[in-house]
Amino acid sequence: MSKLILASASPRRRELLAQAGYVFEVHAAHIDETRGADEDPAAYVARLALEKAQAIHAQHPEAVVLGADTTVVLNGEVLNKPADLAEAEKMLRALSGQTHQVHTGIAVVSSSAQRSHVETTNVIFAPIPEEELAAYLATGDSLDKAGAYGIQGYAARWIPRIEGDYFNVMGLPVAATVRLLAK
């Protein structure tokens with residue numbers, strides 16, 4: 001494979017791609033991430049993943065570029081990264097006791113092809129006890145994650161079950177990424 005570039009600043013994506021055995025560079029893409037008014041959440045992450053990969057590929061045309069974007073969807077409402085603790089608390093209260101979807105779009109752009117995929121995982125949340133919610137919010141961990149939580153951290157205590165790819169909820173569906181890079 002040509003030089004591989006991950007078009008993402010996410011430390012979780014870096015960890016997962018490295019765990020999958022890839023050697024790569026990281027170049028975060030800076031694109032407009034505004035969602036269209038009627039844009040379907042799965043189409044939204046697919047578009048952003050592709051635009052990120054295309055933006056970095058334009059700067060490094062010799063490379064294979066992997067772009068990714070993740071969002072959380074509850075009852076049709078997109079929950080991206082919260083702007084502040086108040087918004088994080090509102091999101092977590094909404095997720096409490098509910099099932100939601102995590103969509104991750106991945107895209108690979110090279111000089112010869114563009115391929116993309118969207119992975120969806122259902123995440124079942126138990127009710128969140130007030131004292132645990134307060135303790136989690138105090139850590140500040142909720143501020144840099146879509147939906148205001150990371151499945152791999154403290155919030156795991158509220159997730160009794162998922163339906164789908166665990167790594168998708170972390171931000172990079174590893175098996176789907178490996179398949180997409182192999183094509």
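**Notebook: pockets, a helix pair and a salt bridge**

I began with the largest pocket, which holds about 580 Å³ of space. I note here that the model is a predicted one.

I then asked which residues lie closest to the centre of the largest pocket. They are Arg13, Asp69, Thr70, Lys81 and Asp144, out of 29 residues that form its lining. I looked up the elements that supply two or more residues to this lining, and found helix H1 (11–19), helix H2 (41–59), strand S3 (64–74) and helix H5 (166–170). Sorted by class, the lining comprises 14 nonpolar, 7 polar and 8 charged residues.

My next entry concerns a helix pair. Packed helices are described by the angle between their axes and by the distance separating those axes. For helix H3 (residues 85–95) and helix H4 (residues 130–139), I noted an angle of about 145° and axes 11 Å apart. The crossing of H3 and H4 is right-handed. On the H3 side, the contact is made by Leu85, Ala88, Glu89, Leu92 and Arg93. On the H4 side, Glu130, Leu133, Tyr136 and Leu137 take part. I classed the residues of this H3–H4 contact as 6 nonpolar and 3 charged, with no polar residue among them.

Finally, I looked up the salt bridges and found 13 in the structure. I examined the one between Arg47 and Glu51, in which the closest N and O atoms are 3.3 Å apart. Where do Arg47 and Glu51 lie? Both belong to helix H2, and they are 4 residues apart, about one turn of the helix. I also recorded that helix H2 is one of the elements giving two or more residues to the lining of the largest pocket.

How values were computed: Residues numbered from 1 in each chain as written. Predicted model: local features only at pLDDT ≥ 70, side-chain atom pairs only at ≥ 80, totals over all residues. Heavy atoms only, no water. Axes fitted to C-alpha atoms, helices over the stretch in contact; angles between N-to-C directions. Left-handed = near helix turned anticlockwise from the far one by under 90°. Contact = heavy atoms within 4.5 Å. Nonpolar A, V, L, I, M, F, W, Y, C, P; charged D, E, K, R; others polar. 1 Å grid on protein atoms, 1.4 Å probe; cavity = no way out; pocket = protein on both sides within 12 Å on 5 of 7 lines; lining within 4 Å. Points joined across faces, edges and corners; volume = space filled by probe spheres on them. Salt bridge = Lys/Arg side-chain N within 4 Å of Asp/Glu carboxyl O.
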